[in-house]
Amino acid sequence: MAVGFGSHHADDQIGWRVAQELARRMPDIAVRVASKPLDILHWLSGISRFLICDGCRGSGLPGTVRRWTWPAISIRQFTWNGTHDWGIVETLSLADRLGCLPREVLLWTVETRYVSPSGPMSQEVEAAIPVVLGAMKAELANPTVDR
Amino acid sequence: MAGPRPDPPPDDGHSQQRVIRVGALARVEGEGALTIRLRDGAVEDVELRIFEAPRYFEAFLRGRPLEEVPDITARICGICPVAYQMSSVHALERALGITVSPEIRRLRRLLYCGEWIESHVLHMFLLHAPDFLGYDSGLEMAEKHGDVLKQALRLKKHGNELLEVLGGRAIHPINVAVGGFYRCPRREEIQHLIPDFQWGLAAAVAATRWVAAFEFSEFDGGYEFVSLVHPDEYPMNEGMITTSSGDAFSADQYADAFEERQVPHSTALHSLRKATGQPYFVGPLARLNLNRDRLFPTARRLSDELNVGWPCTNPFKSIVARGIEVVHAYEEALDILTNYRPAEPPRMPYEHRPAEGAAATEAPRGTLYHRYAVDDQGKVTYARIVPPTSQNQAQIEDDLRRWAASVLSDDEAHTARLCENFVRNYDPCISCATHFLNVQFDRV
């Protein structure tokens, strides 16, 4: 399963945009969008590979794409966009402690610039969409992918 | 005492003043900043800052078609989009003279049940319960209370599913419209949730009994509670804005009864009762204190059983109030699901005309007030949104003044943590992080 996190607000749309493009290009893959990380806990049953895309702060210049394999410790240094809920790291940690975390969890982050309410996406983050998309498609081409 | 406070007396060289300044915790949408001013080892004053996202949207809405208002306001809050949609459509319908059908009315209450379940359960078990059990976070709590959290997540999922079925999608409801809904689900689309909600009702009762057994600190807020009150039902979308001192106002009279004052130390405005100049308290505890006899039967019996001590003025027991409301939401949802009939038509017709209207509905965190003016083209010319967290800010600050004085110690980190725990009683829209409140002690 692949999940894009985000919201309507400026660069925080990145996860949704990547997920929507992925769903369009790979219709056989289970792809979802979410705004609250805790929601993923409802979707993990029977999933062995879990791919995530979200915006973050602190990983470099706007538009910087980084890939993480859970449980990468260094992931915890970043600030995640979004409020009113647990962050992705806390949610994955909770899934781990509750015994429902998939065998493999991969996370792509994109450094955001703008997060103003209902604002437009920055050019740098927009340019990262095909980069993340290509990387996720390459991973999903692996024969162990969930269908 | 609310309102502008006098400047601290000049240092005469004999007393020692310490001013604790808090740098804002820089999260994208939520900031909590607290300043504790100490003089001769005692708390002299407390200043709390909470970031207010709705202010952006009041300006953003001007010039937009009124049909876009529910969708735009839903983006203000990721955890309670339905509340913003409900207040907006009711305000616009009041302006345009629209009366929705009983079926639409019930479907809107069902949607609100879903949001109350999701929001309350998230806060109760993942954010607030850890404070009572001595854990630093819900993550720590998962070690020994994994079954409780799994059950809570299952309850939360029911709220999600209801929002997805009625709202059109889980991440952002798009089905709410001025006049009703764009589409009403078929009976089979919605009634398959009944077994889950039957399980959930029993589970919610057990979970509420569990939190009611926590040890609660003593604190008597002596509040003036404010919530909607409706003669026939537990309030969600309709009713008079009522105070525990016995006053009642329509939404049109909101500005006559309540005012927002600028305070020197914050960009956020403080909501106060005009009559007294004092703060007031909205939220589940206020609703229950003013409407307990209109709960559904199981929730009402539970509220009697738990020996909370009604009327309850201890904010620590807000977690129990949320639990009782989750039980009510499950009961009412089951009633609506069981007897569900799709509304026909799903939306009531209307025409654009220059008009102005206001409404208040009960968001999970309390009374949410909206007011709009529209022109003859159906464009918004004025918008005012007063969320519950803003309305509670003055009260939270007043309470913190007393609480900080009672828990102050040389261990500043511990004092800060106890202040964070206290603020979490109100479930403000910044309490999602374990350490959302940046408390700085400035000891001069």
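## Burial and overall make-up of chain B

Of the 444 residues of chain B, 53% count as buried; a residue is buried if 20 or more other C-beta atoms lie within 10 Å of its own, exposed if 12 or fewer, and partly exposed in between, with C-beta atoms placed from the backbone. This is a predicted model, in which local features need pLDDT of at least 70, side-chain atom pairs count only at pLDDT 80 or more, and totals for chains, interfaces and linings use all residues. Residues are numbered from 1 along each chain as its sequence is written, while chains are lettered from A and ligands numbered from 1 in the order in which they are written.

Chain B has 14 helices and 14 strands, taken as DSSP runs numbered from the N terminus (helices: H or I, at least four residues; strands: E, at least two). Among contacts between residues at least 6 apart in sequence, 70% join residues at least 24 apart; a contact requires C-beta atoms, placed from the backbone, to lie within 7 Å.

## Domains

The domain assignment divides chain B into domain 1 (17–52 + 395–441) and domain 2 (55–386), with bounds from an automatic or database domain assignment. Taken over C-alpha atoms, the centres of domain 1 and domain 2 of chain B are separated by 26 Å.

## Sheet E6-E7-E8

In chain B, three strands form an open antiparallel sheet in the order E6-E7-E8; two strands pair if DSSP finds at least two bridges between them. Strands E6 (226–229) and E8 (248–249) of chain B stand at the edges, each with a single partner strand, so one side of each has no neighbour in the sheet.

E6(B) is joined to the antiparallel strand E7 (residues 240–243) of chain B by four bridges, and B:Leu228 stands opposite B:Ile241 in E7(B). Helix H10 (residues 284–291) of chain B lies across E6 and E7 of chain B at about 50° to E6(B). Axes are lines fitted to C-alpha atoms, for helices over the stretch in contact, and angles run from 0 to 180 degrees between N-to-C directions.

## Sheet E11-E12-E13

A further open antiparallel sheet of three strands in chain B has the order E11-E12-E13. Strands E11 (355–363) and E13 (380–386) of chain B are at the edges, each with a single partner strand, so one side of each is left without a neighbour in the sheet. The twist averages 15° from one strand to the next.

Nine bridges join E11(B) to the antiparallel strand E12 (residues 366–374) of chain B, where B:Tyr369 is the bridge partner of B:Ala360. Helix H3 (residues 81–96) of chain B packs on this sheet, touching E11 and E12 of chain B, and its direction makes about 150° with that of E11(B). Helix H13 (residues 388–407) of chain B lies across E11, E12 and E13 of chain B, running at about 125° to E12(B).

Key: Contact = placed C-beta atoms within 7 Å.
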